[in-house]
Amino acid sequence: MRYVKWTFIGSFWLLVASFLHYTLPQHDVVRITDTYLERIDFGENSIFWANAPTGDAVNPQNRDVFFIQTFRTNERPMIYRNEDTGWGWPPYFKFNTSNLQAQAADLESRSTSGQQAQWVVIRHYGWRNEFLSIYPNAIKIWRVDSPDVTIIPWINIIILTLLTAFFWAIWVRWRRFREARIDPVLEDIGDSLEAATDHVVDRRGKVRRWWDGVRGKTPAR
Amino acid sequence: MVVALARLIVVGFVVLTVIYLSLSFYSRSVRRSKLRRKWEEDIRRGDREEYVRRGLKIYDRSLRRKLLWGVYIVPVVTIAVVIYLVNFN
């Protein structure tokens with residue numbers, strides 16, 4: 001029972017963490033080597049593509065998608081897609097895909113060009129996964145002078161603080177409500193059960209112990 | 001564009017209305033129990049329910065009550081700011 005409980009709690013938090021990791025913005029320092037357009041037929045991985053076309057037909061089976069090819073500071077390739085999120089999820093409200101593609105094309109910097117590398121920061125969300133053929137979605141691009149810039153993730157700090165405060169406020173009120181309204185009732189039921197059956201195993205009520213079991217407490221002896 | 005925007009507006013309106021209603025009921029009940037406690041502890045004169053009723057009437061006109069409209073205003077302003085920062089900045 002304990003393993004079931006911890007597996008459940010663990011997978012819950014894993015889900016929450018991966019959801020946030022996918023949705024919240026992240027920053028990469030890269031140099032852009034090329035930009036291209038590719039026809040994508042959405043299949044099993046369609047959930048990882050933007051699904052809120054802005055002005056296009058709704059729910060098409062395939063679509064041309066902009067991509068940005070880059071190399072990171074460790075000289076490993078990283079490919080970004082460049083898609084409108086529109087009014088849908090995640091709520092980046094990005095409509096300027098074509099403008100972003102123009103900026104990306106303008107900042108190209110290849111190792112064979114013989115010039116000093118032009119490093120840029122790409123703000124993006126999402127994951128790159130070769131097995132699923134999914135790509136992070138680029139949100140914003142700006143140039144930086146050197147590859148070792150420090151970026152303080154203000155957006156994430158603010159969003160995570162607000163989220164924690166929000167759920168903490170609800171949790172505290174729920175706990176207070178439970179202590180004031182639900183626990184006494186359960187105790188009452190437990191007491192009358194005891195009185196009715198005259199079968200007192202423990203000084204605490206049966207329902208009370210069941211409730212503690214649900215909450216993972218062991219009864220005090 | 002229009003369909004997606006309409007969906008966002010409808011879903012957003014429903015969700016925010018649920019939040020607004022629960023918050024306003026919750027806030028009113030917190031105020032009511034505070035008024036009751038104040039009557040029990042300090043006043044103890046006249047009708048308690050009358051005192052609570054008058055207190056809630058003042059609460060309904062208060063700034064605190066009106067701040068609850070922020071449930072609608074804050075998300076709309078946030079979305080407008082995000083749209084500006086992402087697309088036009």
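Author: Let's start with A:W89, which counts as exposed, with 12 C-beta neighbours inside 10 Å. For that label, C-beta atoms are placed from the backbone and the others within 10 Å are counted: 20 or more means buried, 12 or fewer means exposed, and anything in between is partly exposed. Before going on, keep in mind that this is a predicted model: local features need pLDDT of at least 70, side-chain atom pairs count only at pLDDT 80 or more, and totals for chains, interfaces and linings use all residues. As for the labels, residues are numbered from 1 along each chain as its sequence is written, while chains are lettered from A and ligands numbered from 1 in the order in which they are written.

So where does A:W89 sit? A:W89 is in the loop between strand 3 and helix 2 of chain A. Helices (H or I, at least four residues) and strands (E, at least two) are DSSP runs, numbered from the N terminus. The C-alpha atom of A:W89 is 27 Å from that of A:R143, a residue 54 places away along the chain.

Now look at the bond to the next residue. A:W89 and A:P90 are joined by a cis peptide bond, with omega about -5°. A:P90 belongs to the loop between strand 3 (77–82) and helix 2 of chain A. A:F93 is in the loop between strand 3 and helix 2 as well, and its phi is near 50°, a positive value in a residue other than glycine. Why point these out? Most residues other than glycine have a negative phi, and most peptide bonds are trans. A:F93 is buried, with 24 other C-beta atoms within 10 Å, whereas A:W89 counts as exposed.

Another positive phi turns up elsewhere in chain A. A:S133 has one of about 55° although it is not a glycine. You'll find A:S133 in the loop between strand 4 and strand 5 of chain A, and with 12 C-beta neighbours inside 10 Å it counts as exposed.

Stepping back, chain A has 4 helices and 5 strands, and along the sequence they follow the pattern α-β-β-β-α-β-β-α-α. Of the 221 residues in chain A, 17% are buried. Take the contacts in chain A with a separation of 6 or more: 60% of them link residues 24 or more positions apart. A contact here means two C-beta atoms, placed from the backbone, within 7 Å.

What about the inside? The largest nonpolar core has 18 residues, and A:V120, A:A138 and A:I141 have the most contacts inside it. Such a core is a set of buried Ala, Val, Leu, Ile, Met, Phe, Trp, Tyr and Cys residues joined through C-beta atoms within 7 Å. The elements giving two or more residues to this core are strand 1 (26–41), strand 2 (62–72), helix 2 (97–106), strand 4 (119–125) and strand 5 (137–144) of chain A. Leaving out residues up to four places away in sequence, A:I141 touches A:L100, A:Q103, A:A104, A:L107, A:V120 and A:I122.

A:Q118 is worth a stop too, in the loop between helix 2 and strand 4 of chain A. With 16 other C-beta atoms within 10 Å, A:Q118 is partly exposed. With residues up to four places away set aside, A:Q118 touches A:R31, A:L107, A:S109 and A:R143.

Finally, hop over to chain B. Helix 1 (residues 2–43) and helix 2 (residues 48–60) of chain B pack at an angle of about 135°, with their axes 9 Å apart. The axes are lines fitted to C-alpha atoms, for helices over the stretch in contact, and angles run from 0 to 180 degrees between N-to-C directions. Helix 1 and helix 2 of chain B are therefore oblique to each other; under 35 degrees counts as roughly parallel, over 145 as roughly antiparallel, 65 to 115 as roughly perpendicular, and the rest as oblique. Residues making the contact include B:L35 and B:W39 of helix 1 and B:L56 and B:Y59 of helix 2 of chain B. B:L56 counts as partly exposed, with 14 C-beta neighbours inside 10 Å. Its neighbours within four places aside, B:L56 is in contact with B:R28, B:R31 and B:R32.
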